[in-house]
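Here's a quick briefing on a helix, the nonpolar cores and the aromatic rings. Have a look at the model first, then read on.

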Amino acid sequence: MNPQKIKELFRLSVPSFANKTFDDAINKTLKHIQNGIDYYSEADYNEAFIEFDRAISINSYYESAYTNRGICRLISDDFDGALVDFDKAVNLSPNDAITYLNRARVKKMLGIDNLAIDYKRAFELNELLLDKCLARFSYRNEEQYYEEALEYLDEAIMMSPPCDTLYFDRAEVKKKICDFTGAIADLNMVISLNPQHDDAYCYRGLFSFFLKDYIGAIIDYDFLVKKDPNEVSYYSNRAIVKSFFGDHYGAIADYDMAIHLNPNDTLVFRKYYNRMKEKEKIEDYEGAKVDYEKSESLSKIRKTEKEWIEACNNNYDIISSFFHWTHVCIKKANENISNGLYSEAIANCDIAIHLDPDDSNGYALRGCAKGELDNNIAALEDFDMAIMLNPEDEYSYYNRGITKQKMGLHVAAIVDFEKAKELGLDISIERMCEEDGDDEDDDDIE
């Protein structure tokens, strides 16, 4: 266990004995506890453990000795032993909020279900703990340490009475790490606590769309349209979902309403363009031509940079999110591959490809991830698609060559290596041929 993480999450317990006189045994106990704290502060955790252990052997009734020994056990990954010590600390000091907080955190590490009881008890004993958790969450979130931010927000949710705001905040963070399934689960809680929370329905519709749950997304936008029939973005969002669902007439009707409600929107040209694409799908080519010309004329109207920024910031259409979320998912997939999380990378690439099937990066990265899992045929198909979309991508040629090597297609692999080199990749064809079949050199370039 990372000692810095332990120091961040768990609190040493310091006994108070100033201006007091004790017998020799108690003085020795307190001295060992203080020695242990000193060693701990110097990161000498083994000596700290020994000192806390000595304190307990002399006097087994000091909560702080058990708490501190438990923290030392955590650092050495002895989670079960740490829980035993925290249990003893709670029994000795049943009104100390920190002892419950420490025990709840080690229960979380062990996957024990009843940790919420300890969090709630800690909050009952010291309501300021919730504020501290939320403050740390806010800081981590602002600094983009999202995994750590979630840990503190999880604790705040378990301490606090049911609160729709906390679940919504957690959904927002999960959105940032592309955990759309987890975000939807939190939004379900938001809606159960506050059935009139419009943003929760809007986000849930968006994330359902990302996960190809078109019916679920349409249901959410139906609710929003019924509640506020004059909100343009609800129609635009529902139109795009309907298009993917195959309801092109329904999509056109929604674009009609969106344009009717705000014909002067800075980004209305996008709605004309999208409606044009829908009309093409139902073979209304005359109507498509009119919409295309209207889209072209409106997109050429000169806008100031400030007007464009404001328009994009205030436009909540799903279509405005495509490029942003494609980029987010691609970035996350890159991180997954770097960390060896290939299945997670494939899941993020699936979302990116779903949002923008013309972006070669999603296919290229998914091919790398599948190759690492030895799913070579599927990897080859992805690299083929990436190259078809971007014939100048030297890395896709190289990675496809690696995949072909692994499949025993040596001549075809050399052709890809030569193409990659022609496009500017600095590789030695002779070396690649010499090391053909060497697993060490078959790593994909990302």
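Rings of Phe, Tyr and Trp (its six-membered ring) count as a pair if their centres lie within 6.5 Å; planes under 30 degrees apart are called stacked, over 60 edge-to-face, and the rest tilted. With that rule, ring pairs link Phe168, Phe180, Tyr203, Phe207, Phe209, Phe210, Tyr214 and Phe244 into a cluster. Bear in mind that this is a predicted model, where local features need pLDDT of at least 70 and side-chain atom pairs count only at pLDDT 80 or more, while totals for chains, interfaces and linings use all residues. Residues are numbered from 1 along each chain as its sequence is written, and side-chain values use heavy atoms, with hydrogens and water left out.

**Aromatic pairs**

- The count of aromatic pairs comes to 12.
- One of them is Phe180 with Phe207, a tilted pair at 5.3 Å centre to centre, with 35 degrees between the planes.
- Phe180 sits in helix H11 (residues 180-193) and Phe207 in helix H12 (residues 198-210), so this pair ties together parts that are 27 residues apart in sequence. Helices here are DSSP runs (H or I, at least four residues), numbered from the N terminus.
- Phe180 and Phe207 are both buried, where buried means under 20% relative accessible area and exposed over 50%, with partly exposed in between (1.4 Å probe, protein chains only).
- Phe209 and Phe210 have ring centres 6.2 Å apart and planes at 55 degrees, so that pair is tilted. Both of these residues are buried.

**Nonpolar cores**

- A nonpolar core is a set of buried Ala, Val, Leu, Ile, Met, Phe, Trp, Tyr and Cys residues joined through side-chain atoms within 4.5 Å.
- The largest one has 74 residues, and those with the most contacts inside it include Tyr119, Met159, Phe180 and Val241.
- Helix H9 (residues 146-159) gives this core its largest share, nine residues.
- There's also a second, separate core of 21 residues, with Ala55, Ile56, Tyr66 and Ile75 among them.
- Leaving out residues up to four places away in sequence, Phe180 touches Lys175, Phe207, Phe210, Leu211, Trp325, Cys329 and Ile351 (contact means heavy atoms within 4.5 Å).

**Helix H8**

- Which residues of H8 are buried? They are Leu129, Leu130, Cys133, Phe137, Arg140 and Asn141.
- Seen down the axis of H8, the buried residues fall within an arc of 105 degrees, so they line one face of the helix; the arc is that of the directions from the helix axis to the C-beta atoms.
- Leu128 and Glu142, on the other side of H8, are exposed.
- After H8 comes Gln144, with a positive phi near 70 degrees.

Terms used:
Helix = DSSP H or I, 4+ residues; strand = E, 2+ residues; numbered from the N terminus.
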